[in-house]
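This report concerns the structure shown below. The sections that follow treat its surface, its helices and its charged pairs.

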Amino acid sequence: EILRLNELRLNSLRGSFLSVLSDHQKPIDDGESYMTPEELEPYRMIGDSAMDLVFSLMQHEGRKLGPTDDFLKLAEEAKHSSQKTPSQEAMKSFMETYQTLPSWAEPEQLKR
C-alpha cells in the first residue's frame, strides 16, 4: 500500500515537472538558455558604472577591450605605468576599489 502511494506521488510529481518544462521554450537542464534573443536584448548593455567608465575612456583613447584581452593584466600594467592615461587611472581606481573584500564579507564563509 505504501509503495503504491509513493508510486502515485512520483507520477504526480513527474506530471507537474513536465508541465512546468512545457511552459519554457527549452528544458532547463539542456545547458542552453531558455530565453529568446529578443527577451535578452534589454539586458545586454547593462553594466556597472565603474567598469563602464573604463570602457568609455578606453574607447575615447582609441583602444578597445576585446574578447581575448585580459583586463586584470591591463590593470596591473596600468598600476605600474609612470604616465597613466585616463583609462589607466580608471583601471587603477577600479582595482583598488574592488580588489578588497567589503567589511561585511565573511572570509570563512567564502572558503566553504
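## A nonpolar surface patch

A nonpolar patch is made of residues with over 30% relative accessible area and no salt bridge, whose side chains (Val, Leu, Ile, Met, Phe, Trp, Tyr) are joined within 5 Å. In this predicted model, Met35, Tyr43 and Ile46 form such a patch on the surface, and together they have about 340 Å² of accessible area.

Ile46 belongs to the loop between α2 (37-40) and α3. Its relative accessibility is 62%, so Ile46 counts as exposed.

## Overall composition

The secondary structure of the chain consists of six helices and zero strands. Read from the N terminus, the order of elements is α-α-α-α-α-α.

Of the 112 residues in the chain, 15% are buried. The accessible surface of the chain comes to about 9700 Å², and carbon and sulfur atoms account for 56% of that area. When contacts between residues at least 6 apart in sequence are considered, 35% of them join residues at least 24 apart.

## Helix α3

Helix α3 comprises 12 residues, 49-60. The distance from its first C-alpha to its last is 16 Å, close to the 16 Å expected at 1.5 Å a residue. Met51, Val54 and Met58 are buried in α3. These residues cover an arc of only 55° around the axis, which puts them on the same side of α3.

The face turned away from the buried side of α3 carries the exposed residues Ser49, Gln59 and His60. The cover over the buried residues of α3 includes α4 (71-80) and α5 (86-98). Just after α3, Gly62 adopts a positive phi of about 85°.

## Helix α4

Phe71, Leu74, Ala75 and Ala78 are the buried residues of α4. They cover an arc of only 100° around the axis, which places them on the same side of α4. Leu72, Lys73 and His80 are exposed on the other side of α4. Among the elements that cover the buried residues of α4 are α3 and α5.

## Helix α5

Helix α5 has 13 residues, which should span 18 Å at 1.5 Å a residue; its end C-alpha atoms are 18 Å apart, in agreement with that value. The buried residues in α5 are Ser87, Gln88, Ala90, Met91, Phe94 and Met95. Their directions cover an arc of only 160° around the axis, which puts them on the same side of α5.

Pro86 and Glu96 are exposed on the face of α5 turned away from its buried side. The buried residues of α5 pack against α3 and α4.

Side chains of opposite charge can pair when their charged atoms come close.

An α-helix has 3.6 residues a turn, so residues three or four places apart point the same way. Glu76 counts as partly exposed at 37% relative accessibility, and Lys79 counts as partly exposed at 41%.

In helix α5, Lys92 and Glu96 are four residues apart, and therefore separated by about one helical turn. Lys92 is partly exposed, with a relative accessible area of 25%, whereas Glu96 is among the exposed residues on the face of α5 turned away from its buried side.

Terms used: Residues numbered from 1 in each chain as written. Predicted model: local features only at pLDDT ≥ 70, side-chain atom pairs only at ≥ 80, totals over all residues. Heavy atoms only, no water. Helix = DSSP H or I, 4+ residues; strand = E, 2+ residues; numbered from the N terminus. Expected span 1.5 Å × (residues − 1). Buried < 20%, exposed > 50% of the residue type's maximum accessible area, 1.4 Å probe, protein only. Arc of directions from axis to C-beta. Contact = heavy atoms within 4.5 Å. Patch = residues over 30% accessible without salt bridge, like charges linked within 9 Å, V, L, I, M, F, W, Y side chains within 5 Å. Areas by Shrake-Rupley, 256 points an atom, 1.4 Å probe, with all protein chains shown as cover. Salt bridge = Lys/Arg side-chain N within 4 Å of Asp/Glu carboxyl O.
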